[in-house]
Amino acid sequence: MDHAEPTTRLSRFTPTAQRGRGLHAAFKEPTRLTLVAAAVLLLVGSALSWVELWLPVRGWFDMSSFERANDGGIILELALLLFAIAWSERAWSSRLAVLVAAPAVIGIISVIDLRVAGETIQAYIDSLWTQGGHGYLLPGFWITVGGGTLATIGGVVRIWRARHETRWTIGIRRTTVAGIVGGVIGLVIGFASGVTLGQHITANSSTGVTGSLLILFAIGFGFAGTWLGAWAGGLIGSVTEQS
């Protein structure tokens, strides 16, 4: 009797499944995606010119968002802060009241600043009539307004959704007062340092460049000074509170 030789049965080759990276978590949650989109609109809008003007001698020319009151620099800083909060997993998942309310506060500040900027720009355009000139707001300004409005709406929705998971009560302790005082002192020192450094760097630059860099340095150093001052004040307050 013949015995058949055992055969080895090989399974069909299947490549190892590779786990795709997928989309960032910010694209999977509507509220978070709304705030990311708002930050992008604010960034794009602040980078564009806001006004087009015409004067008899000069002709047509654009006015940057960083000129005159430098509102574009303020919006740019706020947009970067909003994007960081919406994009960072740690910041977004935090239920610290400051971080939860920050997007709405940023949106409200942006809308108020743009409202004031729009009125100032319109008053300037009206003043050109005496010189035979005229002008109008460009789409860049309205893109920025749309970003600020979207940030406000998204920020309010975020507060509403996280209201039960966030502790909103504020206790006045020695460390809190010390942190606030230190933050204010740090803000003043940082803002003044930023302006001084900006003036040295932009000594030979044009007016538009000088204004934009000055506001960026002032706000950037102001934020840094506020954080360092609040941290130092809180540390000193905690030491004195334990003693």
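The points below take the salt bridges one by one.

1. This is a predicted model, in which local features need pLDDT of at least 70, side-chain atom pairs count only at pLDDT 80 or more, and totals for chains, interfaces and linings use all residues. Residues are numbered from 1 along each chain as its sequence is written, and side-chain values use heavy atoms, with hydrogens and water left out.

2. The structure holds three salt bridges, a salt bridge being a side-chain nitrogen of Lys or Arg within 4 Å of a carboxyl oxygen of Asp or Glu.

3. E29 pairs with R161, and their closest N and O atoms are 3.6 Å apart. Because E29 lies in the segment before helix 1 (30–47) and R161 in helix 5 (residues 139–161), the pair ties together parts that are 132 residues apart in sequence. Helices here are DSSP runs (H or I, at least four residues), numbered from the N terminus.

4. R32 forms a salt bridge with E89, with 3.2 Å between the closest N and O atoms. R32 lies in helix 1 and E89 in helix 3 (residues 89–93), so this pair ties together parts that are 57 residues apart in sequence. R32 counts as buried at 1% relative accessibility, whereas E89 is partly exposed at 44%; buried means under 20% relative accessible area, exposed over 50%, and partly exposed in between (1.4 Å probe, protein chains only).

5. R115 and E119 form a salt bridge whose closest N and O atoms are 3.0 Å apart. Both residues lie in helix 4 (residues 97–127), four residues apart, about one turn of the helix. R115 is exposed, with a relative accessible area of 57%, while E119 is partly exposed at 47%.

Definitions and conventions. Helices (H or I, at least four residues) and strands (E, at least two) are DSSP runs, numbered from the N terminus.
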